[in-house]
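Open the model in your viewer and keep the sequence panel beside it.

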Amino acid sequence: GHVISVTRDDLVGQYIGHTAPKTKEILKKAMGGVLFIDEAYYLYRPENERDYGQEAIEILLQVMEAQREDLVVILAGYGDRMEKFFQSNPGFRSRIAHHIDFPDYSDGELLWIAELMLQQQNYRFSPEAREAFTRYIGIRKEQPLFSNARSIRNALDRIRLRQANRIVAKLDRTLTADDVMSIEAGDVLASRVFAKGAVEAGEGR
């Protein structure tokens, strides 16, 4: 009836004797429900001899075997990194019955996600801005470090900031609700993603 979502930091301690209590406390909270471990491959860091992630892994494996009727464990992460993680920890693979590969969102799905995010914050695209953002998605997906919905959310944060700066420049007149809520094409097109020949090393702005 409940989901406990954690990352490495919630399970692995920084010194000897710290990891086991942290991991066991999380497992106790998750009993009877679902334990969701995001970016699970970070639990294992073989390059660091003083890393305690392996201790957390061993405790998880024990509980997954001994109390499999009491807990659902979901390990999430990028497919290629998860494959390396399972190669390093064959015990996990043998205890996980289902491996599900989620394909990347389509351009249409990303646009729908963007509009839903804006709606939840009481914003909306103008028709021209919607068209511009559709173009943005197509270009941004071809650039490095694109991370699906997370990149869309980050892009919207920057667009809203540009929209706010544009509105401040109009304070010489009375603003309407539509002024405040509407994302215009210029707010989108000001992104560096649209710069001719731009190749972003990080998140597209």
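The stops below cover helix packing, salt bridges and a loop residue.

**Before you start**

This is a predicted model, in which local features need pLDDT of at least 70, side-chain atom pairs count only at pLDDT 80 or more, and totals for chains, interfaces and linings use all residues. Residues are numbered from 1 along each chain as its sequence is written, and side-chain values use heavy atoms, with hydrogens and water left out. Helices are DSSP runs of H or I with at least four residues, numbered from the N terminus.

**Stop 1: H7 against H8**

Select residues 127-140 for helix H7 and residues 149-168 for helix H8. Two packed helices are described by the angle between their axes and the distance between the axes. Here the angle is about 130° and the axes lie 12 Å apart. Axes are lines fitted to C-alpha atoms over the stretch in contact, and angles run from 0 to 180 degrees between N-to-C directions. H7 and H8 are therefore oblique to each other. The classes are roughly parallel under 35 degrees, roughly antiparallel over 145, roughly perpendicular from 65 to 115, and oblique for the rest. H7 passes H8 in a right-handed crossing (near helix turned clockwise from the far one by less than a right angle; anticlockwise is left-handed).

Now show side chains. Which residues of H7 and H8 meet? From H7, pick Phe133, Tyr136, Ile137 and Arg140; from H8, pick Ser151, Ile152, Ala155, Leu156, Arg158 and Ile159. Contact means heavy atoms within 4.5 Å. By class, the contact of H7 with H8 has 7 nonpolar, 1 polar and 2 charged residues. Ala, Val, Leu, Ile, Met, Phe, Trp, Tyr, Cys and Pro count as nonpolar; Asp, Glu, Lys and Arg as charged; the others, Gly among them, as polar.

**Stop 2: H6 against H8**

The crossing is right-handed. On the H6 side, select Leu110, Ile113, Ala114, Met117 and Leu118; on the H8 side, Ala149, Ile152, Arg153, Leu156 and Arg160. This contact divides into 8 nonpolar, no polar and 2 charged residues.

**Stop 3: salt bridges**

How many salt bridges does the structure hold? It holds 7. Each is a side-chain nitrogen of Lys or Arg within 4 Å of a carboxyl oxygen of Asp or Glu. Three of them follow, with exposure classes: buried is under 20% relative accessible area, exposed over 50%, partly exposed in between (1.4 Å probe, protein chains only).

- Arg95 and Glu65 meet at 3.5 Å, N to O. Arg95 is in helix H5 (residues 90-95) and Glu65 in helix H3 (residues 53-66), 30 residues apart. Arg95 is partly exposed at 29%, and so is Glu65 at 41%.
- Asp107 pairs with Lys141, with the closest N and O atoms 2.8 Å apart. Asp107 lies in helix H6 (residues 107-120) and Lys141 in the loop between H7 and H8, so the pair ties together parts 34 residues apart in sequence. Asp107 is partly exposed at 36%; Lys141 is partly exposed at 28%.
- Arg160 pairs with Asp157 at 3.0 Å. Both sit in H8, 3 residues apart, or about one helical turn. Arg160 is partly exposed at 21%; Asp157 is partly exposed at 35%.

**Stop 4: Pro103**

Finish in the loop between H5 and H6, at Pro103. Is Pro103 buried or exposed? Its relative accessible area is 68%, so Pro103 is exposed. Draw a line from its C-alpha atom to that of Arg124: the separation is 27 Å, for residues 21 apart along the chain.

Terms used: Helices (H or I, at least four residues) and strands (E, at least two) are DSSP runs, numbered from the N terminus.
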